[in-house]
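The stops cover a sheet, a helix and several side-chain contacts.

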Amino acid sequence: MNKIVIRMCCTIAALILASHQGLAQKAEELFQKAMQLEEVKGELAKAIEVYSDVVKKSAATKSLTAKALLHIGRCYEKLGKKEATNAYQRIVKDFADQREVVAEARSRLLALENASQSKKVPELSVRQLWTGPGVDIEGGISQDGRYLSFTDWSTGDLAVRDMSTGSIRRLTNKGSWSSRECADFSAVSPDGKQVAYAWLDKSGYCSLRAVRIDGSEPRILYRGTGEYLLPEAWSQDGTEILAVLWGKEAGTNITLISTIDSSLRVLKSFDRGSPGKLAFSPDGRWIAYDHAQDGNAQDHDISLLASDGTRQVRLIDHPANDASPVWAPDGKSILFTSDRGGTPGFWLVSVLDGKAQGSPRLVKPDIGDIRPFSITSNGTLYYGLSVGGDDVYTADIDPTSGKLLSAPAAISSRFVGFNSTPACSPDGQFLAYISSRGRNQSFWAPGNRVLVVRSLKTGEDREYPVNFGPGFELSWAPDSRFLMVVGKDSMPVPHLFQIDTRTGESKVLLDRAWTTNAGHAAKGWFPDGKSMYLTLGARLVRHNLASGERQEIFTWNGHEFDYRFMTLSPDGKQFASWRRNPKTDSLGIVLIAAGGGQAHGLFLIRDEIIRERAGRPAGIAWTPDGRYVMFARRTEADKKMDLWRVAVNGSKPEKLGPLSQQVFDLVAHPDGKRIFFSTSEKTWDVWAMENFL
């Protein structure tokens, strides 16, 4: 009997030992995983979580636990957090027998104490400089931080804002949207006396221009023949402008354009994709830019390109999304955005002769969706910060009274804040909308958005990644198979595409098809499926898809009226449109016969106008029976916009119920029992970050 008991005890002991060895092995594997996250991937927050799991493992040896605590302290130090001290103090207190680890922990505690007792430098601070309607982040800041160039989208003019006084001055005098001319991206010269900007003319061609900061002496530096230009920066001596050039034939290129003789030098061409932000080094030797990683269009790395085009160096090569590089004034470091810490943050890397010196350090975590301008001569970073977002909602309505029967509900719980532009198929089976994807911050990055087609019967989504950046209009063909969308691929100007929702294949329907996010442009099919309607400047036309012939439906004087959200009735017989008179500040809905004729006023708003952001009205939609026009309207400041309808016979408008804070597109389902709409609440603020160098 004793022998049996002894054998059983030995067996149990062996099992316990094996189990303990297995758990110890798992603790060691966790430690190696954390090391990989910390030292290879740079994902410090995740590394801390895994190291903490090692510390909690009862099977971990004292040696391994102490090492894990030491690495936790190191990670917290890199993140600039005081929890590092707690980790080091615990090692000294509880692991006295781990001499090497304790010695290093004491050394780090002493270094932290000396740093805190040394002369304090000014603390990093951030300030909001510009918020509210009219903020635009497609320009640049002067080196002294005084002027910010931008596009005044109420008129399309180039303007500057004095950052000390808040005053705004237009540098071009287009004055209204009576023509499609407008300024686009811009950059301020190093001496703060000129602004370079892209200018889109009436025919849709783009030129690079420069104007003095007082609005005098505008001149054309480069006139394209179908290309699109994005000016990014001036050389320090003001003799060249760094720009991205897109062209259907030329592809995408990083270029330098002379301000003296207008000559153009191509430094680098891209077979696919586009570079993100470009920045000149202070000494003029290098151009920093971000670009898609090899085999990964969504995440970016950062490279340096010699300004003479002879040398290229991969500066930041990391699995994270690293983008938007800007140079420090002394040229010794580059600030960039990265999500390598788990959330988007500002990181700084030292640079010497085109090479990174050491590992990047975190400057500020959790920065959100930002677009840096540049760092001024006193070391202040100016940047745009995205606020809010866009989403698509649905609500039930009574088909007879039109009253809202339910509160609005979001269409999707995925990619919240990045969905827009709903369109319901004529057969009522599908809802299409645009969803932004990817994390790179290039404005025109192809493949950055997808077309989503949802079955309203099953809730199933079909997604079509498109090789161009869609615009802000979607329209279904009468057969509920094809979608019309405006977008850009490598073309210099937007084109009109047709997408087959069964195959995802796309083709160009029309060259030079403008679109805006303010409802100026309008496009769609007529019920016969053989023609479509387009707004071209101050003209509404019918375009035959087979012959290309155009029939004029309606024209107007752009200086007298502004027409937006033109929408064809279900029977194809008339259009409804918002019409604004800028002289009297009146706003109303008009009807226009599809066969031609004058606009007939449906109703007029004058005294009770509540100004919306950017001064734009919300979208409009026909009820399926064509008896009513629905629209969104706010009648009290700071209140939600309500759903309204007005009968085409001109009876008094009816309020149907509250929708959301800022409604944009509005769509009715063919059964008359549902509506869909998008919110347009994404805006930009301008901020400054100081004392981070």
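Start with V326 and find the residue across from it: V326 stands opposite L335 in β18. This is a predicted model.

Strand β18 covers residues 333-338 and runs antiparallel to β17, with four bridges joining them. Then show the whole sheet, which is open and has four strands in the order β17-β18-β19-β20, paired antiparallel. The edge positions belong to β17 (322-327) and β20 (355-364); each has a single partner strand, so one side of each is left without a neighbour in the sheet. Looking across the sheet, neighbouring strands are turned by 25° against each other on average, with direction ignored.

Next, select residues 83-94, which form helix α4. How far apart are its end C-alpha atoms? They are 17 Å apart; the 12 residues should span 16 Å at 1.5 Å a residue, so the two values agree. Now colour A84, A87, Y88 and I91, the buried residues of α4. Viewed down the helix axis, the buried residues of α4 fall within an arc of 95°, so they line one face.

Move on to the aromatic side chains. The model has 20 aromatic pairs, counting rings whose centres lie within 6.5 Å. Select F270 and Y289: their ring centres are 6.1 Å apart and their planes are at 85°, so this pair is edge-to-face. F270 belongs to strand β12 (residues 264-270) and Y289 to strand β14 (residues 286-293), so the contact ties together parts that are 19 residues apart in sequence. Both F270 and Y289 are buried.

Then select Y533 and F575. Here the ring centres lie 4.9 Å apart with the planes at 80°, so this pair is also edge-to-face. Y533 is in strand β34 (residues 531-536) and F575 in strand β38 (residues 574-581), and the pair links these distant parts of the chain, 42 residues apart. Buried or exposed, how does Y533 count? Y533 has 7% relative accessibility and counts as buried; F575, at 0%, counts as buried as well.

For a group of rings, select F554, W556, F561 and Y563, which ring pairs link into a cluster.

Finish with two arginines. R542 lies over the face of F526, 3.7 Å from the ring centre. R645 lies over the face of Y628, at 3.7 Å from the ring centre.

Notes:
Residues numbered from 1 in each chain as written. Predicted model: local features only at pLDDT ≥ 70, side-chain atom pairs only at ≥ 80, totals over all residues. Heavy atoms only, no water. Pairing = 2+ DSSP bridges. Helix = DSSP H or I, 4+ residues; strand = E, 2+ residues; numbered from the N terminus. Axes fitted to C-alpha atoms, helices over the stretch in contact; angles between N-to-C directions. Expected span 1.5 Å × (residues − 1). Buried < 20%, exposed > 50% of the residue type's maximum accessible area, 1.4 Å probe, protein only. Arc of directions from axis to C-beta. Phe/Tyr/Trp six-rings, centres within 6.5 Å; stacked < 30°, edge-to-face > 60°. Lys NZ or Arg CZ within 6 Å of the ring centre and 35° of its normal.
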